[in-house]
Amino acid sequence: MTSSSSPAEHVITLDGTHPSTREVLGGKAYSVNKMRAMGLPVPPAFALPTGVCAVYHDNGRSLPDEIWQQVLEHLRRLETETGRRFGAGPSPLLVSVRSGAAQSMPGMMDTVLNLGLTPELCEALAAETGDQRWATDTWQRFCHSYADIVAGDPGAAPPSDPLDQLRSAIGAVFDSWTNERVKAYRARHNLGAGAGTAVTVQAMVFGNRDERSGTGVLFSRDPATGENTLYGEWLAKAQGEDVVSGEKTPNPLVTVGDILPDVYPELERIAEVLEREHRDLVDIEFTVESGRLYVLQCRAGKRAPRAAVRIAVDLVREGLITADEAVSRVSAEQAASLAKTQAVHADRTVLAGGLGAGPGVAVGQAVSDLDQALDLAAAGTPVVLVRPSTAPDDVPAMFESVAVVTELGGSTSHAALVCREIGLPCVVGAGVGTVAKLTGLTVTVDGTTGAVYEGDALHTPDEGDVDEYLTELLGYLPGTVPVDHPLAQLRSAHLERA
């Protein structure tokens, strides 16, 4: 079986030897396939492409038997490549089951990690490694993930047959294509109906393995400012969901070098290679298992509006993109955000402080309840959503808010990624108790400094800042541009301020 365009080809090996497209494979599988072709350290995987999503739903939300047989064939190939067996000891193979549509939608759909374990196989894993603690931790993580995402019941136990686990998890990922958060995300970003999500089944690597293991997210440039410096976060002895969920506050990426001095230079090298390949800011998910680095995904990174401008201009200066491409990379929404010149009275009372993860400022009523936030926003009240952390189900309320504040999480958490992409002011890691302290109050959120002020602390500065990168980007525009061009009005206002 190859990854050409055969209509019967419902499962594709992601070994990098056969060309395919993002539309067919979805973003996650496409990046895995491409990175393996580049020789980067990526765990082996296969994918059910985006077209199978429609087949699944048309078949009564069930995977047809002929496609399932192809899955089993590719699972055997995965066993051969890893030297491990799925559903059997003494060296059980565990897999992740990941979503991935053609367009990047961070955190919107579902992922199941550590799939393939049973109580007996947990003991086999402990016997193989001599590490009962790690085996138990991995089993407990899988049980929680399966119950939450696949069964939809916190008390549900995974099936005793790992093949039943896999078939159900694939279905759960396809089901997530139609959930409310995905609909809200696609509507907000004008993505249309889309072809569906692909499913990637990948051999697990374990960031929770030991003291020399961990997981993280890095950006090839700072997604808040656009500065050309490696940026990101990571957690030792953790798995990917620990970082992106925002339920834990991770450490700065540079601390990888303190624990794993050989790994950090390799992260720098891979980030540079992938940025030049994509000709854009890249967002890379990675895992380190016992000192060995693996790359799990690479995609164009979500960025704040001002960062979008600086990155576009810097890439022109570096000869990676043209001036026309730079202009096309700044959206109407980003341009509108850049046109605002509001600032904060620095002498106002600071109620809370954390990490500024979504630049910009906004005023609103602090609300913690999702339904109340939606109701108030629908009635015209500006809402600041305050939560312990945000999850994909919070997205509809986030999209109707003027700012977001979380008690936990870091700059690569779910809240930070979503807010940066749409130019929403965001403060993360403000500390436990912030929700109770702010709820019901009118507050001003400064997503640049990370401060949350009492009351309405906004003012309009006498003279707006003139950003050199914005000036250069606007200079790329032809002399006459249509009035509806996203940058046309911004150019007029900017030149007046200059």
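Student: Where does Arg-61 sit?

Tutor: Arg-61 is in the loop between helix H2 (51-58) and H3. Bear in mind that this is a predicted model.

Student: Which other non-glycine has a positive phi?

Tutor: Lys-237, with phi near 50°. Lys-237 lies in the loop between strand E9 (231-236) and helix H8 (240-244). Its relative accessible area is 31%, so Lys-237 counts as partly exposed.

Student: Back to H3. How far apart are its end C-alpha atoms?

Tutor: They are 26 Å apart. H3 covers residues 65-82, which is 18 residues. At 1.5 Å a residue the helix should span 26 Å, so the two values agree.

Student: Which residues of H3 are buried?

Tutor: Among them are Ile-67, Trp-68, Val-71, Leu-72, Leu-75 and Leu-78. Gln-70, His-74 and Glu-79 are buried too.

Student: Why would residues three or four places apart point the same way?

Tutor: An α-helix has 3.6 residues a turn, so residues at that spacing point the same way.

Student: What comes just after H3?

Tutor: Gly-83, with a positive phi of about 75°.

Student: New topic. Where is the cis peptide bond?

Tutor: It joins Gly-89 and Pro-90, with omega about 5°. Pro-90 is in the loop between strand E3 (85-86) and strand E4 (92-93).

Student: Now H4 and H5. At what angle do they pack?

Tutor: About 150°, with their axes 8 Å apart. H4 is residues 119-129 and H5 is residues 132-151. Angles over 145 degrees count as roughly antiparallel, so H4 and H5 are roughly antiparallel to each other.

Student: Is the crossing of H4 and H5 left-handed or right-handed?

Tutor: Right-handed.

Student: Which residues make the contact?

Tutor: From H4, Pro-119, Cys-122, Glu-123, Leu-125, Ala-126 and Thr-129. From H5, Gln-132, Trp-134, Ala-135, Thr-136 and Trp-139.

Student: How many of the residues in that contact of H4 with H5 are nonpolar, polar and charged?

Tutor: Seven are nonpolar, three polar and one charged.

Conventions. Residues numbered from 1 in each chain as written. Predicted model: local features only at pLDDT ≥ 70, side-chain atom pairs only at ≥ 80, totals over all residues. Heavy atoms only, no water. Helix = DSSP H or I, 4+ residues; strand = E, 2+ residues; numbered from the N terminus. Expected span 1.5 Å × (residues − 1). Buried < 20%, exposed > 50% of the residue type's maximum accessible area, 1.4 Å probe, protein only. Axes fitted to C-alpha atoms, helices over the stretch in contact; angles between N-to-C directions. Parallel < 35°, antiparallel > 145°, perpendicular 65-115°, else oblique. Left-handed = near helix turned anticlockwise from the far one by under 90°. Contact = heavy atoms within 4.5 Å. Nonpolar A, V, L, I, M, F, W, Y, C, P; charged D, E, K, R; others polar.
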